[in-house]
Amino acid sequence: MNERAPLPEDLMTQVETYAVSFLKEGRADWDVPHTRSVVYYADLLAQAAEADRLVLTTAAWLHDIGYHGLFDEGDSSRYGHVQDKKILHMLRGADMAREFLERDEVIRRYTADQRERIIHLVGIHDKLDELRELDELMLMEADTLGAIDIARVKPTFDGAGAEKYIAKLKAKRLPLFRTTVGKDLAEVLVPIFEDYFR
């Protein structure tokens, strides 16, 4: 696939429809707009790095579907409750991604390597200590940028949760950024995000 060519619109609609059907029942007021934001940044970063846009944008759509049904009313705005479900959402998400990618109408649209890579990315995207490959880091960058761009998605954390998230952002996520575009965007977005909670 030419990495500059438009993504197949019909396929992206299928991926979006599948993802949103689960995201609507994940973290309230967060998973759908956050994922749309992550998709935007994943495609931007993939184009800048001439990476596989189809893999990264599909993984971005599917990265948080594993949160489906994991929260009771109000739980998803509490930082600790989300952290407790990080590993489980990646395991479930990878299984759900595989189910989608193996559907008869979808399987032929990706190579076997692309399908396995998407499943891998969904299953590892929040395991910060294990991210090594550029596409793994790019999805993490997109996920981070998609969480802190308050013009695209309003934070749902309470004040204490925001403090913990910002501390983790600075200590764990930002030092892993590898792309110039991601670093430049973070430099602009992080101060705006911090100001939002002041």
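Helix 2 passes helix 8 in a right-handed crossing; a crossing is right-handed if the near helix is turned clockwise from the far one by less than a right angle, and left-handed if anticlockwise. Helices are DSSP runs (H or I, at least four residues), numbered from the N terminus. This is a predicted model, in which local features need pLDDT of at least 70 and side-chain atom pairs count only at pLDDT 80 or more, while totals for chains, interfaces and linings use all residues. Residues are numbered from 1 along each chain as its sequence is written, and side-chain values use heavy atoms, with hydrogens and water left out.

**Helix 2 with helix 8**

- The two helices pack at an angle of about 135°, with their axes 8 Å apart; axes are lines fitted to C-alpha atoms, for helices over the stretch in contact, and angles run from 0 to 180 degrees between N-to-C directions.
- Helix 2 and helix 8 are therefore oblique to each other (under 35 degrees counts as roughly parallel, over 145 as roughly antiparallel, 65 to 115 as roughly perpendicular, and the rest as oblique).
- On the helix 2 side, the contact (heavy atoms within 4.5 Å) is made by His34, Ser37, Val38, Tyr41, Ala42, Leu45, Ala46 and Ala49.
- Helix 8 contributes Met138, Leu139, Glu141, Ala142, Asp143, Leu145, Gly146 and Ala147 to this contact.
- By class, the contact of helix 2 with helix 8 has 11 nonpolar, 3 polar and 2 charged residues; Ala, Val, Leu, Ile, Met, Phe, Trp, Tyr, Cys and Pro count as nonpolar, Asp, Glu, Lys and Arg as charged, and the others, Gly among them, as polar.

- The crossing of helix 8 and helix 10 is left-handed.
- Glu141, Leu145, Ala147 and Ile148 of helix 8 make this contact with Gly182, Leu185, Ala186, Leu189, Val190 and Phe193 of helix 10.
- The classes in the contact of helix 8 with helix 10 are 8 nonpolar, 1 polar and 1 charged.
- The axes of helix 9 and helix 10 come within 11 Å and cross at roughly 160°, which makes helix 9 roughly antiparallel to helix 10.
- The crossing of helix 9 and helix 10 is left-handed.
- Tyr165, Ile166, Leu169 and Lys170 of helix 9 meet Val190, Phe193 and Glu194 of helix 10.
- The residues of the contact of helix 9 with helix 10 divide into 5 nonpolar, no polar and 2 charged.

**Nonpolar core**

- A nonpolar core is a set of buried Ala, Val, Leu, Ile, Met, Phe, Trp, Tyr and Cys residues joined through side-chain atoms within 4.5 Å.
- The largest such core has 58 residues, of which Val15, Leu62, Ile65, Tyr110, Ile118, Leu145 and Ile148 touch the most other members.
- Two or more residues of this core come from each of helix 1 (9-23), helix 2 (31-49), helix 3 (53-62), helix 5 (86-101), helix 7 (112-124), helix 8 (134-148), helix 9 (159-173) and helix 10 (180-196).
- In soluble globular proteins, nonpolar side chains tend to be buried together.
- Leaving aside neighbours within four places in sequence, Ile118 is in contact with Val55, Thr58, Ala59, Leu62, Leu101 and Tyr110.

**Helix 3**

- Helix 3 is mostly covered, with 10 of its 10 residues buried (buried means under 20% relative accessible area, exposed over 50%, partly exposed in between, with a 1.4 Å probe and protein chains only).
- Among the buried residues of helix 3 are Arg53, Thr57, Thr58 and Trp61.
- The buried residues of helix 3 pack against helix 1, helix 2, helix 5, helix 7 and helix 8.

**Single residues**

- Glu50 lies in the loop between helix 2 and helix 3 and counts as exposed at 57% relative accessibility.
- Glu50 has a positive phi of about 50° although it is not a glycine.
- Most residues other than glycine have a negative phi.
- Phe22, in helix 1, touches Ile65, His68 and Met96, not counting residues up to four places away in sequence.
- Ile107 is found in helix 6 (residues 104-107) and is partly exposed, with a relative accessible area of 31%.
- Beyond neighbours within four places in sequence, Ile107 is in contact with Leu101, Glu102 and Arg115.
- Ala160, in helix 9, is partly exposed at 47%.
- Ala160 and Phe197 are 37 residues apart in sequence and 9.9 Å apart in space, C-alpha to C-alpha.
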